[in-house]
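Please consult the sequence and the structure shown here.

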Amino acid sequence: MCDDVAAWSSWTAVNAIRDRRISVSEYARCLLGRCAEESLGAFVSCDERAVLDAAAQADRADRRGPLHGVLVAVKDNVDVAGHPTTAGTPALRAHRPGRDAEIWRRLRAAGALALGKTNMHELAVGITGNNPGFGPVRNPWAADRFAGGSSSGSAAAVAAFLAPAGLGTDTGGSVRIPAALCAVFGYRPSAGRYPQRGLLLLSRTRDTAGFLTRTMRDIVLLDSVVAAPGPAPEPVRWAGLRLGVPRRPFWEGLEPSLAAVAERRLEELSAAGAVLVEADLPAGAGASLARDAMTVALYEAAWEIPYYLAQTSPAPTLDQVLAQIASPGVRAALNDALGPARAPAADYRAACANLSRLAGALSDHQRAHRLSALVYPTTPLPAQPFACEDSVVIDGREHPTFPTFIRNTDWAGVLGLPALSLPAGLTADGLPVGLELCAPAGADAHLLQMGCAYEEIWPPPALEPSVAHRPGLPPRAPGR
């Protein structure tokens with residue numbers, strides 16, 4: 001029975017609990033049993049007694065919200081009162097803020113329960129989820145490969161049927177990259193749609209919370225609780241819908257097997273009636289995007305991390321956090337950003353100005369071609385072995401791992417645009433591929449409608465619930 005229950009979406013679970021087909025306590029025991037067996041490294045903390053107490057209280061409650069009894073895997077840089085917030089770094093291992101992040105307060109008020117806090121790339125500065133302080137997060141599809149990051153554990157937990165939904169955060173791809181590599185849906189809203197209070201941020205102008213789920217209906221349900229209420233998005237009709245396909249730069253330099261899957265989805269979108277507009281971005285657009293994005297994020301981290309620590313006292317000092325960082329790459333990046341050699345304010349202002357101009361150019365491009373969204377592969381290649389922490393190989397050429405994986409997702413993060421990573425199928429080796437839709441700023445409802453329409457035609461591939469949470473399995477043969 002528990003395998004069947006674990007495969008439920010949040011929507012299914014809410015309705016089963018409402019109809020008295022299962023109690024919140026019974027539902028919680030099923031998922032906790034799976035979490036006790038999981039060896040993917042998805043969770044850093046899961047307090048069984050606290051979860052069961054909260055479930056029992058939910059069973060006794062008279063008032064039932066739209067998420068009553070839903071168990072959510074929460075990324076460990078989001079404050080949940082009574083739970084530690086480590087942000088995946090050793091100095092915060094015993095850090096227990098006494099407050100809820102505002103986004104979690106809204107979810108809790110709607111009836112959601114925290115199943116546990118999920119592992120992540122240390123301090124959200126990375127895209128693999130290979131965390132030397134708390135252990136790596138293994139990909140449920142291939143345990144020798146990383147799950148993506150930085151919302152690694154939330155994606156792995158959802159893909160492995162440990163939780164129906166995961167809460168993550170996204171700077172330049174930290175929700176969408178692990179969603180793509182684990183074959184789940186990953187949603188980054190427009191900047192400002194979700195509250196930031198109670199998140200350990202890197203960048204106030206770029207960071208946002210986001211959701212990972214196995215169904216679009218769950219994305220819509222969760223978004224309706226956190227964002228201003230409105231009419232529930234219904235699937236759009238593909239006929240006549242204009243999607244931009246900017247071959248330069250988004251479709252260049254892709255791993256061939258991944259490219260083949262993404263191209264099939266394009267052909268099928270066209271067959272469904274979508275108008276594919278093959279229009280590249282202006283020459284030179286985004287030439288300095290990666291550099292400017294990193295300048296902004298790391299410059300703002302010098303404010304945000306100390307601010308968070310001050311707001312959640314007692315907490316270690318910034319110097320104590322920096323001294324105990326376990327990942328050499330994260331330590332080097334943050335010591336540069338927060339130390340005496342940090343970028344001068346003039347560089348930060350110049351980077352912000354460059355990104356503002358780029359946002360205008362992209363907006364002009366979308367308006368000129370009357371585009372509902374851009375469409376492109378979420379990542380240029382599928383999940384890689386842990387040995388590829390620093391570099392990856394595409395078509396015989398070596399590339400640095402971080403900028404390669406974040407190359408496509410960084411645009412929406414930098415420019416504050418809503419973006420949705422959709423499961424697109426499996427490569428010849430049985431590894432998940434993601435396809436991203438990126439809409440104009442504020443067009444979240446239309447983006448979610450497109451996601452719902454996509455899922456109606458191409459439901460995501462899935463592992464078997466009975467084995468998905470145990471590592472060492474061979475990749476599943478490609479199904480589409």
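Q: How many aromatic pairs does a search of the whole structure find?
A: The model is a predicted one. A pair of aromatic rings is described by the distance of the centres and the angle of the planes. Searching the whole structure on this basis gives a total of eleven aromatic pairs.

Q: Are tyrosine 187 and tyrosine 194 buried or exposed?
A: Tyrosine 187 has 0% relative accessibility, and tyrosine 194 has a relative accessible area of 4%. Buried means under 20%, so tyrosine 187 and tyrosine 194 are both buried.

Q: What kind of pair do the rings of tyrosine 299 and tyrosine 348 form?
A: The centres of these rings lie 4.4 Å apart, with the planes at 15 degrees. Planes under 30 degrees apart count as stacked. The pair of tyrosine 299 and tyrosine 348 is therefore stacked.

Q: How many residues apart are tyrosine 299 and tyrosine 348?
A: Tyrosine 299 belongs to helix 11 (residues 289–311), and tyrosine 348 belongs to helix 14 (residues 345–368). The pair links distant parts of the chain, the separation being 49 residues.

Q: What is the volume of the largest cavity?
A: The structure holds one cavity of 30 Å³ or more. Its lining consists of Asn77, Ala124, Thr169, Thr171, Leu200, Leu201, Leu202 and Asp207. These residues divide into four nonpolar, three polar and one charged. The space in the largest cavity is about 50 Å³.

Q: What is the phi of alanine 124?
A: Alanine 124 lies in the loop between strand 3 (113–118) and strand 4 (130–131). At 11% relative accessibility, alanine 124 is buried. Most residues other than glycine have a negative phi. Alanine 124, although not a glycine, has a positive phi of about 65 degrees.

Terms used. Residues are numbered from 1 along each chain as its sequence is written. This is a predicted model: local features need pLDDT of at least 70, side-chain atom pairs count only at pLDDT 80 or more; totals for chains, interfaces and linings use all residues. Side-chain values use heavy atoms; hydrogens and water are left out. On a 1 Å grid over the protein atoms alone, a cavity is a set of points where a 1.4 Å probe fits but cannot get out, and a pocket is an open set with protein on both sides within 12 Å along at least five of seven lines; lining residues have an atom within 4 Å of a point. Grid points are joined across faces, edges and corners, and a volume is the space filled by probe spheres set on the points. Ala, Val, Leu, Ile, Met, Phe, Trp, Tyr, Cys and Pro count as nonpolar, Asp, Glu, Lys and Arg as charged, and the others, Gly among them, as polar. Rings of Phe, Tyr and Trp (its six-membered ring) pair if their centres lie within 6.5 Å; planes under 30 degrees apart count as stacked, over 60 as edge-to-face and the rest as tilted. Buried means under 20% relative accessible area, exposed over 50%, partly exposed in between (1.4 Å probe, protein chains only). Helices (H or I, at least four residues) and strands (E, at least two) are DSSP runs, numbered from the N terminus.
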